[in-house]
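I opened this notebook to keep track of what I looked up in one protein model.

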Amino acid sequence: AYEIYQCDWSSDVCSSDLVAPVDKPIRFIPEFLLESHEFGKRYPDRVIPAAMGPIRRREDPNRTFYNSVQLTREIAVGETLWGVATWESIDPRIDRFSIYVGGLTNAYRWRDEPGAFKAGDPIGKGRRLERKVLKLNFWRPGDEYYQNEKEIRYGIPGEVDYEWLYR
């Protein structure tokens, strides 16, 4: 299984009333996690060098694709890179899954567990640092016996197609 993604860093990406445009390179450290809804299984992306050639020939022979390790680098303002996240040994019974993409933002937050901190405890006890990630939802109406990639659909019926969250 694999996912094609595009990294485009330009000054327009971060412009708003609250955030000044960024006009310097950023360090991109991608992280991809495929998580099953039915079984709670998690699959981190795997670098599969042998898969890169066939994926490139199939998707776009004229484009350079990078795996998640190759994309760990500084991306210049206006530079566009294309990447491939790959997974292996995914449970064929999985019909609903999400891909969590980390590294697209540098947003973090502290989460305080209710009742976990008591006066006199060391600083940070009962707190969890969470990272902002993009969650992409997918589903597959087929079965585990006749698997066909054309059956994988973006979004899950009755749920959002994607969302930003902290985890």
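The entries below go from the whole chain to its details.

**Ground rules.** I noted that this is a predicted model, in which local features need pLDDT of at least 70 and side-chain atom pairs count only at pLDDT 80 or more, while totals for chains, interfaces and linings use all residues. Residues are numbered from 1 along each chain as its sequence is written, and side-chain values use heavy atoms, with hydrogens and water left out.

**Entry 1, the fold.** I looked up the elements and found one helix and 12 strands; here helices (H or I, at least four residues) and strands (E, at least two) are DSSP runs, numbered from the N terminus. Read from the N terminus, the order is β-β-β-β-α-β-β-β-β-β-β-β-β. I then checked burial, where buried means under 20% relative accessible area, exposed over 50% and partly exposed in between, with a 1.4 Å probe and protein chains only. Of the 167 residues in the protein, 31% are buried.

Which residues of helix α1 are buried? In this helix, residues 49-59, they are Ala51, Met52 and Ile55. Seen down the axis of α1, these buried residues fall within an arc of 110 degrees (taken from the directions from the helix axis to the C-beta atoms), so they line one face of the helix. On the face of α1 turned away from the buried side I found the exposed residues Ala50 and Arg57.

I counted a salt bridge wherever a side-chain nitrogen of Lys or Arg lies within 4 Å of a carboxyl oxygen of Asp or Glu, and the structure holds 16 of them. The general idea is that side chains of opposite charge can pair when their charged atoms come close.

- Asp91 and Arg93 meet at 2.6 Å, N to O; Asp91 is buried at 9% relative accessible area, whereas Arg93 is partly exposed at 37%.
- Arg63 pairs with Asp60, with 3.3 Å between the closest N and O atoms, and Arg63 is partly exposed at 29%.
- Asp121 pairs with Lys125 at 3.9 Å between the closest N and O atoms; Asp121 is partly exposed at 21%, and Lys125 is partly exposed at 41%.

Salt bridges that share partners also join Arg109, Arg111, Glu113, Arg128 and Glu130 into one network.

Ser36 sits in strand β3, residues 31-36, and is buried at 3% relative accessible area. Its side chain reaches the backbone nitrogen of Glu38 at 3.3 Å, and a polar atom of the Ser36 side chain lies 2.9 Å from the backbone nitrogen of Phe39. Asn67 lies in the loop between β5 (65-66) and β6 (73-75) and is buried too, at 10%; a polar atom of the Asn67 side chain is 2.8 Å from the backbone nitrogen of Gln70.

Rings of Phe, Tyr and Trp (its six-membered ring) pair if their centres lie within 6.5 Å, and planes under 30 degrees apart count as stacked, over 60 as edge-to-face and the rest as tilted. I found two aromatic pairs by this rule. One of them, Phe97 with Phe138, is stacked, at 5.4 Å centre to centre and 15 degrees between the planes. This pair links distant parts of the chain, with Phe97 in strand β8 (residues 96-102) and Phe138 in strand β10 (residues 127-139), 41 residues apart. Both Phe97 and Phe138 are buried. Together with Tyr154, they form one aromatic cluster. I placed Tyr154 in strand β11, residues 153-154, and noted that Tyr154 is partly exposed at 44%.

Where does Ser89 lie? Ser89 is in the loop between β7 (80-86) and β8, and is exposed, with 69% relative accessible area. The phi of Ser89 is near 55 degrees, a positive value in a residue other than glycine.

Key:
Polar contact = N/O pair within 3.5 Å; in protein donor to acceptor, adjacent residues only side chain to side chain.
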